[in-house]
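Subject: Structure handover

Hello,

Please find the structure below, with notes on what came out of going through it. Could you look it over when you have time?

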Amino acid sequence: MHVIPLSPLDLTLAALLVVALAGLVWAQRLELARPLLIAAVRTAVQLGLIGLVLEVLFSSMNPTLIALVAMFMLAVAGYEVMSRQQRRLVGFWGYGVGTVAMFVSSFGVAVLTLLVMVQPEPWYAPQYAIPLLGMLLGNTMTGIALGLDRLTQGLWRERPQIETRLALGESWLEASAAVRHEALRSALTPIINSMAAAGVVSLPGMMTGQILGGSPPMEAVKYQILMMFLISAGTGFGALGAVQFSARRLFDERQRLRLERLRAKV
Amino acid sequence: MSPSRIRATGLRSGPLGPVDIAVAAGTCLGVSGPSGSGKSLLLRALADLDPHDGEVWLDGLAQAATPPTDWRRRVTWVAAESVWWADTVGEHFRAPDQSAWADLGFAPEVAGWEIRRLSSGEKQRLGLLRALQSRPAVLLLDEPTSALDRVNTERVEALIADYRADTGAAVVWVSHDPAQLDRVADARLLLGEA
């Protein structure tokens, strides 16, 4: 079994589809053509670069280099989480809360998977470690960003309700429960939906890729199931931690709601 | 002079203060002043809902030494605009006090009413009843009759007077209506005067 290589012409044809879409969108006076094209260029450049990095990484097997790439991926994911929030915590935690949560959940789940389940030799073998971490980070990033955004927006919007509940003697946990639950629901809904639809509505990307690459379908399916479970665990634990920590930061030691610890809407 | 139920010294929060207040058991302090003079901030500081300078004591017990949930159950703030979160009135009450409900003109079946059908006046009166559930020692009332007609204003004033007499609670009552403060308050505090 071997992969049919894609020629530059194949990619150019696919790119022309995106350009055609941008042209149509532009003709309709929608402000989407620019971001669409920029995102498409970013995809090509970023994936091209990561392809080069992976080629080097796979041939060197240098643990320090692998750790550096992993940290770089985490730093970028942390930045993405931060920039997707309309109101984020002021100071270090605006960046730190998502990054630390992703570090603990994604790295924790990835290391556990490599050491206990997949067991490549050595355990940090980049063919396994980097794609695994990439998929975990990509998904936990979305979940944590959604959860945090919903939390801070919710606390901001529901301030009268929360302060009324505090005034009636509820604790910060009780007063913020509805908002925290809503935040967790939005963090976990994407992965719940994709697990529910997997194989029936959609063929997940990783599995499709493995099958295109020549893997037997059942092997691809097993990896996909593993991945789905890991993503839901990583997203769930990460979002739980990030939401709980951020909520705690927005109340002080006297259990007062301190919305000035959020930045103004960007 | 009787010992004060709630006492504050050097209270300062934003444009408010520093002010000193002392309200004896069963009495009412009427607070007035122009918009922006810090009337609501005073109540929020007493309830410990905003960071503030100065010390507050309830029956000699310092605010900072009392767990915040206990403090707010004893020193309860009633906002000018009441906020509701569940669908029906009853979900916001543990065990409705039927006699207090009747005093404000509500029959027991009001518990089944939907929040979205309430008028602003009904919300305001029910908001007061909700705050009275924990039998607070100090009531902090922010314009408690702003949405009420005369009949209901009198009902609320009478209910608060009875509550003070029955429980020895102290009341801090913010109002823009001098005539109302003449009726309900034993002492007055005018904020925003240099």
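Leaving out neighbours within four places in sequence, B:Asp48 contacts A:Arg254, A:Arg256, B:Gln63, B:Trp71 and B:Arg72, where contact means heavy atoms within 4.5 Å. B:Asp48 sits in the loop between helix 1 (39-46) and strand 4 (53-58) of chain B; helices (H or I, at least four residues) and strands (E, at least two) are DSSP runs, numbered from the N terminus. B:Asp48 has a relative accessible area of 2% and is therefore buried (buried is under 20%, exposed over 50%, partly exposed in between, with a 1.4 Å probe and protein chains only).

Some notes on the source. This is a predicted model, in which local features need pLDDT of at least 70 and side-chain atom pairs count only at pLDDT 80 or more, while totals for chains, interfaces and linings use all residues. Residues are numbered from 1 along each chain as its sequence is written, chains are lettered from A and ligands numbered from 1 in the order in which they are written, and side-chain values use heavy atoms, with hydrogens and water left out.

Not counting residues up to four places away in sequence, B:Leu46 touches residues including B:Leu11, B:Trp71 and B:Leu140. B:Leu11 lies in strand 1 (residues 4-13) of chain B and is buried, at a relative accessible area of 0%. B:Leu11 and B:Leu46 are 35 residues apart in sequence and 8.7 Å apart in space, C-alpha to C-alpha.

In chain A, helix 5 packs against helix 10 (residues 217-249) at about 40 degrees, with the axes 8 Å apart. Axes are lines fitted to C-alpha atoms, for helices over the stretch in contact, and angles run from 0 to 180 degrees between N-to-C directions. Helix 5 and helix 10 of chain A are therefore oblique to each other (under 35 degrees is roughly parallel, over 145 roughly antiparallel, 65 to 115 roughly perpendicular, and the rest oblique).

Regards
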